[in-house]
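The following exercises are to be worked through with the sequence and the structure at hand. Each task is followed by a solution in steps.

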There are 4 protein chains.
Amino acid sequence: MKTVSVYAEDDRLREECGVFGVFQHDDAAALTALGLHALQHRGQEAAGIFTHDGEQFYSERRMGLVGDHFNRKDVIGRLKGRQAIGHVRYSTTGGSSKQNIQPLYAESDCGGFAVCHNGNLTNALTKRRELIKKGSIFYTTSDTEVILHMIARSQKKQFYERFIEALLQIDGGYALVGMTKNEMVGVRDPHGIRPLVLGKLNDSYVLASETCALDIINAEFIREIDNGEVVIINKDGLKSYRPFAHQPARPCVFEYIYFSRPDSIVGGRCVYDVRKKMGVELAIESAPEADVIVPIPDSGVPAAIGFSRQSGIPFELGIIRNHYVGRTFIEPEQKIRKLGVKLKHSANCYAIKGQRVVLIDDSVVRGTTSSKIVQMVREAGATEVHMRIASPPITHPDFYGIDTPDKSQLLAANKTLEEMRDYMGADSLHFITVDGVYRAMGYKDGRDNTNPQFTDHCFTGDYPTELKDQDEKLKDKQLSLLSELKV
Amino acid sequence: MKTVSVYAEDDRLREECGVFGVFQHDDAAALTALGLHALQHRGQEAAGIFTHDGEQFYSERRMGLVGDHFNRKDVIGRLKGRQAIGHVRYSTTGGSSKQNIQPLYAESDCGGFAVCHNGNLTNALTKRRELIKKGSIFYTTSDTEVILHMIARSQKKQFYERFIEALLQIDGGYALVGMTKNEMVGVRDPHGIRPLVLGKLNDSYVLASETCALDIINAEFIREIDNGEVVIINKDGLKSYRPFAHQPARPCVFEYIYFSRPDSIVGGRCVYDVRKKMGVELAIESAPEADVIVPIPDSGVPAAIGFSRQSGIPFELGIIRNHYVGRTFIEPEQKIRKLGVKLKHSANCYAIKGQRVVLIDDSVVRGTTSSKIVQMVREAGATEVHMRIASPPITHPDFYGIDTPDKSQLLAANKTLEEMRDYMGADSLHFITVDGVYRAMGYKDGRDNTNPQFTDHCFTGDYPTELKDQDEKLKDKQLSLLSELKV
Amino acid sequence: MKTVSVYAEDDRLREECGVFGVFQHDDAAALTALGLHALQHRGQEAAGIFTHDGEQFYSERRMGLVGDHFNRKDVIGRLKGRQAIGHVRYSTTGGSSKQNIQPLYAESDCGGFAVCHNGNLTNALTKRRELIKKGSIFYTTSDTEVILHMIARSQKKQFYERFIEALLQIDGGYALVGMTKNEMVGVRDPHGIRPLVLGKLNDSYVLASETCALDIINAEFIREIDNGEVVIINKDGLKSYRPFAHQPARPCVFEYIYFSRPDSIVGGRCVYDVRKKMGVELAIESAPEADVIVPIPDSGVPAAIGFSRQSGIPFELGIIRNHYVGRTFIEPEQKIRKLGVKLKHSANCYAIKGQRVVLIDDSVVRGTTSSKIVQMVREAGATEVHMRIASPPITHPDFYGIDTPDKSQLLAANKTLEEMRDYMGADSLHFITVDGVYRAMGYKDGRDNTNPQFTDHCFTGDYPTELKDQDEKLKDKQLSLLSELKV
Amino acid sequence: MKTVSVYAEDDRLREECGVFGVFQHDDAAALTALGLHALQHRGQEAAGIFTHDGEQFYSERRMGLVGDHFNRKDVIGRLKGRQAIGHVRYSTTGGSSKQNIQPLYAESDCGGFAVCHNGNLTNALTKRRELIKKGSIFYTTSDTEVILHMIARSQKKQFYERFIEALLQIDGGYALVGMTKNEMVGVRDPHGIRPLVLGKLNDSYVLASETCALDIINAEFIREIDNGEVVIINKDGLKSYRPFAHQPARPCVFEYIYFSRPDSIVGGRCVYDVRKKMGVELAIESAPEADVIVPIPDSGVPAAIGFSRQSGIPFELGIIRNHYVGRTFIEPEQKIRKLGVKLKHSANCYAIKGQRVVLIDDSVVRGTTSSKIVQMVREAGATEVHMRIASPPITHPDFYGIDTPDKSQLLAANKTLEEMRDYMGADSLHFITVDGVYRAMGYKDGRDNTNPQFTDHCFTGDYPTELKDQDEKLKDKQLSLLSELKV
């Protein structure tokens with residue numbers, strides 16, 4: 001028997017995490033559970049919450065959705081105290097062990113502390129190697145643990161000094177939220193690649209990956225944490241530090257294209273609005289003669305609405321998504337055509353049959369899904385299938401927390417536009433241009449190639465930081481010599 | 001600490017089941033798992049599959065989604081044999097015990113047999129009482145078990161004769177699929193209230209609640225099982241019996257409005273198309289002056305597309321749905337406004353702010369959700385909120401397998417239109433008319449009141465069958481005197 | 001890899017159950033848990049308790065020891081009410097499913113009732129077949145369910161009348177305890193083969209398989225239930241019925257030899273005392289010249305003490321028992337000699353080396369353990385090994401609740417004494433005579449062959465009842481056509 | 001509802017661990033599971049095994065008995081490789097978390113290594129504090145982790161050099177077994193307080209806490225590891241190192257009195273023999289006029305046999321032990337007298353009634369059990385109860401791995417002999433003298449007070465090592481600030 005994966009077929013991008021923290025609120029744990037629920041789209045494999053009640057830390061870390069575990073009275077009841085931080089995580093290859101569930105915790109000479117992380121350190125393996133040489137013992141394969149050891153080894157007195165000392169040793173794209181017994185810290189990497197916002201619920205400060213996590217708890221959105229900014233929140237309020245040499249802000253453009261929830265406000269823009277405008281730009285760039293605009297749900301819907309409005313071609317739900325997905329199913333011996341894609345998507349014949357269809361997707365990674373959906377739409381009776389993609393071709397992998405495949409598996413890194421069209425079996429294919437993306441963002445002149453307004457390395461190869469581990473080819477080194485079945 | 005339920009707030013209708021069966025195929029269990037996955041929208045609480053390999057029956061019945069359990073090689077591997085039937089079930093009040101998971105199984109003098117059921121028997125309690133008096137021991141609180149006992153007690157030789165003898169004793173709306181060691185049976189109640197379709201995968205017959213379960217396995221759709229038709233499938237092929245006195249077909253109109261998947265074909269109509277046309281009719285009946293059409297996702301989307309197209313008012317995703325829902329969360333002590341609805345829906349401010357909004361929903365049950373969504377949309381900045389409902393007012397409970405609340409809790413059974421509008425806090429409110437529904441179905445003259453084309457008892461109180469248990473007020477009788485924690 | 005079973009190697013006899021009940025006591029469930037704990041030696045696979053609180057029944061049935069589950073506050077707390085019955089069960093071949101855990105429960109026209117059973121019905125399969133023919137649906141493979149169906153089908157008004165009507169249809173050796181919402185019943189089969197005692201804790205009646213279950217809760221021992229006596233206990237007190245034609249009492253001699261706890265009083269005799277006297281009689285019959293008396297622990301110890309005292313040969317713990325037994329271990333590829341027996345027993349070299357050893361065991365079933373222990377003792381340095389068995393040769397299987405192998409696997413049914421000695425590798429072998437057993441019981445003249453004082457069918461083939469299922473060769477019929485993995 | 005603990009009532013001593021290792025054998029994991037099963041009496045809370053197959057380490061660590069988990073093919077199959085070490089652990093207050101299950105594992109600059117430990121370090125907290133100051137992060141509350149960090153921080157090249165460097169920093173009583181990818185190490189503390197033996201199975205070396213673990217796998221006993229000896233076993237054979245300043249051997253006398261299995265050979269003596277001789281010495285010191293000798297089972301049995309033989313008073317099983325113990329039960333509201341002790345022990349009235357009874361126990365800790373057993377024996381009808389204890393009064397706590405209560409709870413540290421007798425309710429009470437213990441060991445002149453042959457600190461307060469943590473009163477410091485529910 002063979003297993004068919006819903007996700008192997010589905011070549012989406014995945015972000016690894018969402019972070020949340022609330023300081024000094026009677027309902028710290030319950031609010032954190034709600035905030036993480038609102039961030040669930042950023043990571044669905046596992047979730048964790050740490051609290052402190054003035055006496056000790058409390059923690060729960062579980063595989064599964066926030067609502068599978070952190071919706072229970074006994075769980076929230078065990079998480080005592082008025083300050084809490086929490087984390088949701090995506091599945092990452094080989095690292096799905098319970099020990100890797102964040103927040104991670106350690107005790108140092110200056111007391112206990114917990115840290116959680118969205119992003120990726122580009123020199124984690126190099127630093128890990130150095131720390132092991134000095135006698136540090138690692139218990140996880142997570143890059144976050146590197147930061148913990150740096151803090152533990154620091155000889156500074158205050159936690160925040162140790163935290164900053166650690167930050168100065170790491171490279172990459174990250175948003176961290178941490179907690180000691182009496183303070184909460186937040187930081188965004190020097191380029192602000194990963195997002196982090198500040199809110200307030202009455203007198204309590206809140207940190208979160210996205211504004212949608214503020215909305216669910218009725219917290220007020222104050223501002224984004226700046227690139228390179230460290231905030232320390234304690235009983236005396238919030239202090240801001242800027243320990244890094246100044247760098248231009250370059251937030252990741254993928255937060256708009258794919259990761260953030262449509263109703264979140266990122267960099268002052270409504271994500272839904274940006275996506276619709278990308279559809280508009282895409283239609284301006286390349287609208288074919290056609291009968292219907294069909295989004296690949298759910299992420300292609302806003303761009304499809306924009307495309308339809310701009311082009312005047314009617315919008316139809318020509319593809320239906322099954323939201324009740326398991327990760328895999330057993331393939332019958334007599335193989336079913338396109339089974340993988342059908343587990344999640346089905347063609348809505350009525351809307352497609354005899355039509356010239358424009359399919360709108362947000363991005364193309366390996367291209368396998370696109371190819372199967374085109375076939376499915378053709379078999380459902382479409383007379384023409386035109387593929388329009390609301391992001392430029394992905395030609396380079398990400399190293400800042402987005403789970404992209406090797407360059408060798410990126411369709412656009414290995415094929416010309418015509419080859420891609422042919423691979424997908426579409427009648428025509430167009431990707432929005434990089435400038436089109438920037439225009440949708442509000443920059444009429446497109447990308448500022450001298451000082452790019454975003455990091456768009458997956459489309460341009462223009463990485464904003466050093467890639468130490470990559471350069472030293474540490475990437476494939478086995479992180480642990482131990483195989484243990486966690487239960 | 002208080003628990004906030006996502007679903008108590010969410011006053012949707014729920015159907016209790018989906019059924020599936022495949023006869024004589026090497027991959028019987030794997031195909032059944034796929035079919036049930038496609039029917040997952042009909043029931044998400046539990047799933048079960050029975051097979052027979054010529055020697056014995058095999059069975060797996062579990063709480064949870066199909067993809068949580070029936071995606072495992074060992075599970076499918078244990079379900080040996082070339083014939084299988086399966087079932088998905090919704091949560092029903094008080095009955096969430098493992099013993100109630102279908103298919104149910106029994107052994108009689110003519111061998112073992114398994115039966116699964118979508119629908120509800122309207123004389124189940126009356127019949128249960130009679131059987132207990134005769135010494136039958138019941139192990140579940142499911143009405144399906146009544147049928148098992150009738151089959152077991154029949155003195156007929158052949159299983160299909162016993163099955164028909166049992167059918168002649170029951171009333172209600174039902175689609176049953178059953179199995180012995182060498183045959184599969186299917187039946188639809190005399191009015192065809194609940195759906196059942198016949199398909200073929202090469203030489204193997206398939207029975208399923210909806211065509212979407214045929215599509216996922218590439219089976220060919222043959223036809224619907226007729227109202228009152230019993231089909232017996234064995235090695236010699238399919239035989240059709242019509243044991244009941246003839247009754248006019250009156251399929252349940254709610255399959256179009258809410259239950260069936262948009263891409264399923266029901267009664268020759270594409271469900272997505274019907275829903276869009278309901279939006280069109282609704283707009284014809286009552287389109288206000290407004291800036292945007294906003295569906296309550298996901299079920300309101302097709303009607304909103306139709307409404308938008310008919311009215312010319314632009315369609316916007318003004319409400320975002322969080323698909324990662326747990327069933328409940330812990331309410332913070334300092335209560336959060338509209339927390340229940342926010343766990344599942346959030347307002348997309350950009351699309352709503354400063355706009356005159358038309359909200360499109362498929363139906364209103366208790367009205368609590370509508371009320372909260374109207375408030376949420378207002379708080380997000382809408383200047384006007386007009387509510388349009390793509391089904392008529394629900395004034396009567398269902399007794400054929402749809403989980404409706406008591407009449408006392410049905411908003412439309414207890415308030416005038418104006419009172420409902422006031423309760424919801426909307427600026428205007430309109431429900432599609434009953435005739436509008438029939439027009440969307442293709443009957444230009446609306447409902448044929450002499451011989452109604454569908455059963456629409458929830459809107460009209462016109463029940464197609466006797467309601468024996470109701471008449472004898474057996475409804476609230478406790479079904480079991482035993483409380484056992486199932487693990 | 002191969003699995004070595006501790007128990008396959010260990011060819012002990014096993015009884016299937018212990019029963020307990022208490023009527024009208026505030027702590028009914030907690031007392032029942034304690035009573036079952038005291039009866040744990042009678043069955044270690046599963047345990048169950050039913051209670052009734054005037055409104056409904058409560059039940060918990062679990063695999064594992066009483067102390068694994070029924071020691072929890074929440075469990076005892078769920079088992080509300082002032083009356084309770086409970087059961088412990090041994091593992092029986094093929095029947096280890098959760099559904100078979102007793103008490104079993106059913107609801108009839110006269111209300112709900114629960115029944116638990118120690119023993120075996122010798123016409124269960126015959127009756128099961130008849131009931132299925134009449135349309136009864138069986139949910140377990142337990143013979144106890146036959147009784148439930150008979151009660152459910154009875155047309156008598158009162159539960160106790162139905163219960164008695166059922167008893168009159170069954171044959172075998174049994175002690176049953178049952179419960180309705182307002183009464184408790186107990187019965188011992190017409191010959192009193194299986195034990196049942198009556199106690200009182202203040203004003204509350206208690207029924208139990210052995211007196212040790214009364215002792216643990218400080219209940220007073222009143223008397224044994226007579227053979228063929230039915231007791232009905234309700235708020236008006238205890239009533240005794242004798243519905244059967246009179247039969248002479250023939251309690252099972254194995255309760256003394258092996259099953260009952262040494263500190264229990266059975267038939268007015270202390271079990272420990274009887275076992276010691278069996279050792280004395282054995283020594284009188286056949287005491288070899290030897291240096292040490294070594295019991296096979298734990299069951300051989302009392303007889304060894306008696307043998308030592310009578311013979312004057314010193315008693316030594318020459319074999320040590322490991323009480324922490326799993327059921328199986330993985331055999332290393334390089335097989336370890338006598339691994340099976342070593343998982344449970346080890347030779348205490350000091351006490352054995354250079355000695356002429358008399359090994360005392362309570363019984364021999366297949367002889368495999370005896371053989372391995374003799375080898376182990378020899379390898380530990382014994383110069384001579386004399387085997388003395390405190391029960392006569394087992395030549396016939398039991399059909400009254402003791403799990404004995406087929407006759408073909410009973411050592412004594414297939415070999416002469418000399419062949420058995422040779423098979424075991426002992427220097428000499430002696431089994432106590434049947435008359436020796438009766439002398440140890442206090443009958444100086446031994447067995448009364450006209451009216452035997454006990455049933456000793458395993459030694460004599462003299463079965464006190466009909467063996468209907470055996471005669472009709474129903475034994476091997478498959479009870480269920482369904483294979484379901486219970487979790 | 002109140003919970004009654006079997007163990008709170010039962011004031012036994014508990015040792016924390018047993019260790020086992022085998023090097024270069026095809027069945028390394030299966031043999032280790034068997035060895036640990038034989039050592040199960042040394043720890044029943046949890047068990048763990050590590051293996052290495054030349055490529056990586058494999059590990060399984062579980063709560064429960066060895067036979068609950070390590071008897072499964074899949075588990076043993078996952079533990080690949082030809083070298084294995086394993087550990088069984090007793091429950092210790094507050095430390096029952098999964099993370100503490102040994103062996104513990106770490107990766108250092110010189111590779112991965114695993115260590116398991118029987119005993120206790122008397123300067124663990126002092127060292128832990130120093131390491132945290134230097135930036136080490138601790139993940140367990142086990143003292144074993146201190147050793148791991150010392151090894152990880154060592155700047156030596158070879159693992160065995162690092163291991164020895166770590167040993168030189170620790171104090172206490174310990175037997176350690178460790179493993180890298182290509183060697184196995186064993187060490188016994190400078191005084192040899194905790195036991196460790198060396199065996200051979202064909203060409204494979206075996207290390208184990210006791211000889212009974214060699215016996216079960218048919219390994220040959222080679223010798224004990226010397227006090228202060230480090231053995232390194234690799235493909236070139238076994239090398240012995242003696243890195244410590246020479247100290248006289250002072251093995252713990254409690255291994256004879258209580259911990260080791262009766263059939264183990266410790267220090268050249270059979271444990272069963274020593275215990276019997278203690279009974280003999282006890283009878284010489286103080287045999288009352290009496291009718292029966294009754295051991296408190298199981299540990300009092302050998303001494304009772306010796307006492308009976310010396311005194312000529314007959315031996316009887318006057319107290320029966322229930323081996324099926326859960327840890328707790330629910331106390332009925334109407335309290336049952338002596339329930340705690342009854343859960344484990346019951347009086348065998350026949351053997352006791354009307355008799356003058358000598359009770360033999362191996363030791364007295366808090367005295368609560370003794371007191372309840374004396375009462376139980378009196379209520380069973382004994383006319384006199386004489387208590388004889390086969391070890392001297394315990395007046396001092398242990399700090400080398402035996403779980404003793406605070407001095408304030410040790411009966412003999414707080415009461416005179418007469419007060420103890422009175423507390424127990426016995427007619428007379430005698431503890432064996434310290435010299436009596438040494439005589440039973442074969443030292444006719446008793447204890448050599450200049451160079452004591454054993455460590456007997458619990459009786460004499462003569463601790464063989466420094467007690468750094470005690471002296472600095474670090475004992476009660478909370479080890480972790482984190483409370484996490486492990487599942």
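**Exercise 1.** Determine the handedness with which α10(C) passes α11(C).

*Solution.* Helices here are DSSP runs of H or I with at least four residues, and strands are runs of E with at least two, numbered from the N terminus.

Step 1: the model is predicted, local features need pLDDT of at least 70, side-chain atom pairs count only at pLDDT 80 or more, and totals for chains, interfaces and linings use all residues. Residues are numbered from 1 along each chain as its sequence is written, while chains are lettered from A and ligands numbered from 1 in the order in which they are written.

**Exercise 2.** At what angle do the axes of α10 (271-286) and α11 (301-311) of chain C cross?

*Solution.* Step 1: the axes come within 7 Å and cross at roughly 45°; axes are lines fitted to C-alpha atoms, for helices over the stretch in contact, and angles run from 0 to 180 degrees between N-to-C directions.

Step 1: α10(C) is therefore oblique to α11(C).

Step 2: residues of α10(C) including C:Tyr272 and C:Leu282 meet residues of α11(C), among them C:Ile305 and C:Phe307.

**Exercise 3.** How many residues of chain B are in contact with chain A?

*Solution.* Step 1: 60 residues of chain B contact 60 residues of chain A, a contact requiring C-beta atoms, placed from the backbone, within 7 Å.

Step 1: helix α2 (28-38) of chain B gives the most to this side of chain B, with five residues.

Definitions and conventions. Two residues are in contact if their C-beta atoms, placed from the backbone, lie within 7 Å. Angles under 35 degrees count as roughly parallel, over 145 as roughly antiparallel, 65 to 115 as roughly perpendicular and the rest as oblique. A crossing is left-handed if the near helix is turned anticlockwise from the far one by less than a right angle, and right-handed if clockwise.
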